[in-house]
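Visitor: I'm new to this one. Could you take me through a close look at the place where its two parts meet?

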Amino acid sequence: MSEPLLSVENLKTQFFTEDGTVRAVDGISFDVYEGEIVGLVGESGAGKSVATSSLLRLVDSPGEIVGGEITFKGETIFGLEEGAGGEPQPRDDMLSEEEMRKRIRGREIAIIFQDPMESLNPVFTVGGQLREFIEINRDLSEEAAKEEAIDMLREVGIPAPESRYDEYPHQFSGGMRQRVLIAMALACQPDLIIADEPTTALDVTVEGQILEMVRDLQEKYDTSFIWVTHDMSVVAEICDRVNVMYLGEIIEHAEVDDLFYETKHPYTQALLDSMPRPDRTVHELDPIKGVMPEAIDPPSGCRFHSRCPDAREVCREVHPEPRDLSDEGEETHSAACVKYDAFEVGYEESRPIETEATGGFSAGLTETEDGE
Amino acid sequence: MSSPAGRRDRSEALLEVRNLCKYFDNDGGLFGGLTVDREFPFVSRDPSNVRAVEGVSFDIKKGETLGLVGESGCGKSTLARTVLRLLEPTSGSVYFKGEDLATISGEPLRRKRQDMQMIFQDPQSSLDPRMKVGPIVEEPMQAHGMLDEEGREARAKELLEKVGLDPQHYNRYPHAFSGGQRQRVNLARALSVNPDFIVCDEPVSALDVSIQAQVLNTMQELQDEFDLTYLFIAHDLSVIRHISDRVAVMYLGQMVELADKEELFENPQHPYTRALLDAIPVPDPRSGGRTNLLTGDVPSPIDPPSGCRFRTRCPVLIQPDEFDMSEPEWSAVVEFQRAVKRREFETTDRREIEQRYFDTVPAGDAGTLVEDALSHIADGEWDEAEDLLTTSFADASVCATENPAYEVAPEHGDGRHYAACHRVREAAVATGAAADLDAPGGEAVGELGADD
């Protein structure tokens, strides 16, 4: 395959709080190639949003990117080197704040957030906001930008765009607002769009419309997407490749079909099993036991071992890095689980351990029970 | 207490809702409903109502779960609140155990609330952050004068255990709990006064899928144990399919279909239900994605479409009798009419539009009308073209002129299957008010939409 458009190596983002260091993103690596939709999926608290903000260097204090490398089209968005005193310092070729602001954000990499109401300014007209964005980023005159803005609104399926141009965000429905944001993201024809749960707040019917539109537009403009979501159905529908995150780490990565049909990691499997199905009646759901632990004090070894049905002693001790488990000639399919032979840590001989699976509902607040 | 089989007992209706309407004033405030005009009298006042819920009737039997589903803004929550009399109904009645809640108020109503509880969507904001969970669970008991202080504490602890929390969490504040656990506290609080009926307004939509499954399982266990009746509101059809016995589908303030769960999912009759079912994403990359997506947005409930409210987006709108077009021709006309209404295209070039929407322009009257509309567009008279197409095609359909209400014979199970769509009129076993449920005590049911 050709060079990736965006490449993330061992990215680490931490938040330094009074209670300790929260390792929100802890060494994730993934690539995005031209013209594909890469999924980033996980439950709340998995670190999906922190990861995407890190890509644009939008993490604010007390958070900080503390390690790793982000390369976009051959340019270094983030990279560290060892300084004089052994302290890590930004590399010389890392883009400056100004370059990020003026060249990358919006123009090269655009981002769409979950809540369209919060992303639009309520006191300016929708058209005005879109026009301003195009005017600044594409150096067009006001009239040309307005024309372009109206074209974009029509492109994303806003009815009667000339008259809607002068309306305010509150006069738009949720789905319409999200369409406007997609228009805004596409307006500068960026190479990469990061979509952070853009359809989560929408109804399924509207979600379907938006996903269909995104697919059409993606074909037309050949834009790459990073699609952040917690919804496996959306992943199944729109993504080409998927990264599954759990507690700051990517624990499985595969082509979308492999992920659903050749699931490797027990967490991914559990996530799929816990979903109610629309196409058949299920009498008892099979939930994942317990709740996700805090990123401030993650479990030792494999971070999922505390909730894993397949956990053994060795899982508590060995921290697995994702490894490619696919057969030769197949697409890469990596997972971070020691139960596969490739890890060679003696999983088979290890003793199964009691997990929170036995703690039932009160898991996550188990100290009172465990203390007795 | 009843056995788990008690859930299937269909004999007794606990709640009967008849022709319930709830309108909201749209002209509140000092300048509400005022419009400024350039001509005399310069200012006009146009009082209008948001018709959030209109003419809704259904029964909930003891021990069953009625799922209520619909898109945001269709009036699900308003209906739930009106049923509990948290909102005053504009008209209609709600019989709870035979007594009409719409007519009582004050202390009798407050006492009635002991039997009806509600669980809200956001587990965070429905718990007082400054109260510990023990007192939170005890508060409804105190309000209804149940037990003494010690008894309440013992019951609170027992309930915490029942909903899957540790009784020792009695002294914790809500912030110490995760979202799923907070929703369990809400469950315990609702259960504390030993209600018969619980309205669950999107109780799991704020939770992660894995946690959602845990809470849904607990809710089912509690239902079996305490013989609870749920009105379960959700926008997620997968959740609805999992938990409900019967399912009601709402669109723009009206109920469009109501049937047993299997029947509704396997044999949906209303095009809106079908569209909703088609729109559910399936967690399977080989499923081929969603098909037959609806176009357009939900119309405003201030001025909803006449007749069937879904007709402006319906993929199978019925052709008016005066025309004799083939199915593809009629579909093309409908698509063209909607495209003009939405100003979907810019071009005024006749040939181009014709090619885009029609293989062949239909013959006869319909063809003449389309030609006229195309001429209007060519002259830039969009409004005239829209009016012409809308009045001669969309508004002439039976879907626009008559309110649909039919009952069809079910294919799955033996429950009644109500579908408000004129497409089923031939197969219907009952129509109009008869398809609706009969009012208890032989009271006449008002004509649907009589106050138009």
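**Where the domains meet**

Guide: Let's start with the spacing: the C-alpha centres of domain 1 of chain A and domain 2 of chain A lie 29 Å apart. Domain 1 runs over 6–248 and domain 2 over 253–370, with bounds that come from an automatic or database domain assignment. Where they touch, domain 1 of chain A puts in 21 residues and domain 2 of chain A puts in 19 residues; two residues are in contact if their C-beta atoms, placed from the backbone, lie within 7 Å.

Now look at the domain 1 side of chain A. Strand E2 (20–32), helix H9 (232–238) and strand E11 (241–246) are the elements that give two or more residues to it. Helices (H or I, at least four residues) and strands (E, at least two) are DSSP runs, numbered from the N terminus. That side of domain 1 of chain A has eleven nonpolar, five polar and five charged residues. Here Ala, Val, Leu, Ile, Met, Phe, Trp, Tyr, Cys and Pro count as nonpolar, Asp, Glu, Lys and Arg as charged, and the others, Gly among them, as polar.

Stepping back, chain A has 13 helices and 14 strands, and its C-alpha atoms fill a box of roughly 70 × 65 × 50 Å along the principal axes.

A word on the source: this is a predicted model, where local features need pLDDT of at least 70, side-chain atom pairs count only at pLDDT 80 or more, and totals for chains, interfaces and linings use all residues. Residues are numbered from 1 along each chain as its sequence is written, while chains are lettered from A and ligands numbered from 1 in the order in which they are written.
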